[in-house]
Each structure stands twice: as structure tokens, then as C-alpha cells.
Amino acid sequence: MLPPIPEKLWKIDESTVGQHFSLRDGDQCYYIWEYTAGKRYDFSPTNQLISNLKIKPSQIAKSPNRNYYKEQAINHAAAGLRHFLRRDYAEQRMTFVPVPGSKAAGDPDHDERLLQVLQRALQGWSADIRPMLELTQSTPADHESADRLSYEELLAISRLNNPSGQLLRPIVVVVDDVLNSGKHFKIAQELITAQFANVEIRGLFLARCIRDDPIRDFDVLDPM
């Protein structure tokens, strides 16, 4: 079962920002669904969506039928993003930057799922999608390891690869699958603003990680 696309986009505000300890009050971060930490894939439709989205290439190689579920998850995530993006604004004002997975290019489990989500979400639009965030080495996935990299350790193996030198649009939307601590978003923010000081950085997440939190008031990512 797929989670229904909500009517409005949720916003991280003063009541929820403290649950994502890398974020700061001024960060503009938005999400579509809520993923419950510490629960199985069958706990909720969102948990199942995220679990299927994260199916590894090596797992598909062993069980090709699992690709159906990964493709279904990519398509549904893309539909969710497209639902909340205003075409004229996306085409004129926004650059979209996917957060890379935990495996560097060349690793058998290197996964460009978020790039694929963006490409399908913005299909047919004059969109600026820049997969320019890269890892210089593979790391254990955060959701699979209790020994997670610190902010400094992850920053040290992350880089911004923009060989064309082309300028970004005024609003840069960093897209990731799950907002947990916010570490990956903050690293993207630091790397991008170091080279492009005048852009506005926003985070757009498929889901926010919750731990028995009450549902909060929501807002719209205006004018997306």
C-alpha cells in the first residue's frame, strides 16, 4: 500500500526543529510524509515506501522481482514532489540538488534513486537538476548502522562537483528521502553556499523521521 499524497506540505517549525538536532531555526525544510523510526517496513505505508525506495542494486541483482517495488516507490515519490511544485516557479527560480546515497560512484550499490525521483517528478519541465553532491568514498548507510559518521567525518568525504561552472538559480532545493538529524542537508548547505553565496537553500524531504511525536501543524512550501 502506498501512502496517500497529503493536501499540503508539512514544514519544520519551532515545534519540530529540535527533533532534528543538526537543523537551525532559520533552516527552511519541508516534507511530505512521516516515517516511524524503529518500526518494520509493514508498520505503515510510508515505512513501506521508504523501505522499497532504498532497495539496493545488489538486492535487485539477486531478486530481480524486487525492482518492481523500487520502481513503484520512485514513481510515487515523484508524484508526491510534482504535486507540490509550481511549474512556473520551478522552471524559472529553482535548482534541484539530490542528496547522494551512502555509496560512492563505482560501488556496486551506488544508487541514484533521488536523481531518478527528481527526473520523473520534473519530466517535461524546463527544470535545472544538478546531481553535483558527491561522496569520495562509500560509507555505511545511516539507517543500517549504529556507528554513524559525525558531521565532520561526512563533510570530509563530501564534495561539490560543478565542472561546467554554471550558476545556480536563486533558490536551491536540496532533496533527500528521509529527514533524521538533518546532517546531510546541512552539509549540502555548507558546500553549496561556500561556492554560491547568494542562493537561498531549502530542504525538501520525502519523509520526516518521527519517534512517537504528536502530529504538528503544517504549512505550504510557498510558492512551490
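Two strands pair if DSSP finds at least two bridges between them. Helices (H or I, at least four residues) and strands (E, at least two) are themselves DSSP runs, numbered from the N terminus. With that in hand, the sheet.

Before the details, a word on the source. This is a predicted model, in which local features need pLDDT of at least 70 and side-chain atom pairs count only at pLDDT 80 or more, while totals for chains, interfaces and linings use all residues. Residues are numbered from 1 along each chain as its sequence is written, and side-chain values use heavy atoms, with hydrogens and water left out.

The structure has an open sheet of six strands in the order 1-2-8-7-3-4, with mixed pairing. Its edge strands are strand 1 and strand 4 (128–129), each of which pairs on one side only. As background, strands of a sheet pair through backbone hydrogen bonds, either parallel or antiparallel.

I will go along the sheet in that order. Strand 1 (residues 10–11) pairs with strand 2 in the antiparallel sense, over two bridges. There, Lys 11 has Tyr 30 of strand 2 as its bridge partner. Strand 2 runs parallel to strand 8, and eight bridges join them.

Is strand 2 mostly covered or mostly open? It is mostly covered, since eight of its nine residues are buried. Here buried means under 20% relative accessible area, exposed means over 50%, and partly exposed is in between, with a 1.4 Å probe and protein chains only.

Next, strand 8 (residues 200–210) and strand 7, which run parallel and are joined by eight bridges. Ile 171 stands opposite Glu 200 in strand 8, and Val 172 stands opposite Ile 201. Between strand 7 and strand 8 the chain passes through helix 7 (residues 183–195), and this β-α-β crossover is right-handed. Right-handed means that, with the strands pointing away from the viewer, the path from the first strand over the helix to the second runs clockwise.

Glu 200 lies in strand 8. Its relative accessibility is 29%, so Glu 200 counts as partly exposed. Along the chain Glu 200 and Asn 162 are 38 residues apart, and their C-alpha atoms are separated by 18 Å.

Why is strand 7 (residues 171–179) described as largely enclosed by the rest of the structure? Because nine of its nine residues are buried.

Helix 7 can be checked for length. The expected span of a helix is 1.5 Å times one less than its number of residues. For the 13 residues of helix 7 that should be 18 Å, and the end C-alpha atoms are 19 Å apart, which agrees. The buried residues of helix 7 are Lys 183, Phe 185, Lys 186, Ile 187, Ala 188, Gln 189, Leu 191 and Ile 192.

On to strand 3 (residues 94–98), which pairs with strand 7 in the parallel sense over five bridges. Phe 96 has Val 173 in strand 7 as its bridge partner. Which residues cover the two faces of strand 3? On one side Met 94, Phe 96 and Pro 98 are buried, and on the other Thr 95 and Val 97 are buried.

Strand 3 and strand 4 run parallel, joined by two bridges. The bridge partner of Thr 95 in strand 4 is Asp 128. From strand 3 the chain crosses through helix 5 (residues 113–121) to strand 4, and this β-α-β crossover is right-handed.

Arg 87 lies in helix 4 (residues 87–93) and, at 42% relative accessibility, counts as partly exposed. Ile 74 lies in helix 3 (residues 66–84) and is buried, with a relative accessible area of 0%.

Last, a pocket. On a 1 Å grid over the protein atoms alone, a pocket is an open set of points where a 1.4 Å probe fits, with protein on both sides within 12 Å along at least five of seven lines; lining residues have an atom within 4 Å of a point. The second largest pocket has a volume of about 220 Å³. Twelve residues line it, and the closest to its centre are Trp 10, Ile 32, Trp 33, Glu 34 and Thr 46. Strand 2 (residues 28–36) gives the most to this lining, with four residues.

Key: Points joined across faces, edges and corners; volume = space filled by probe spheres on them.
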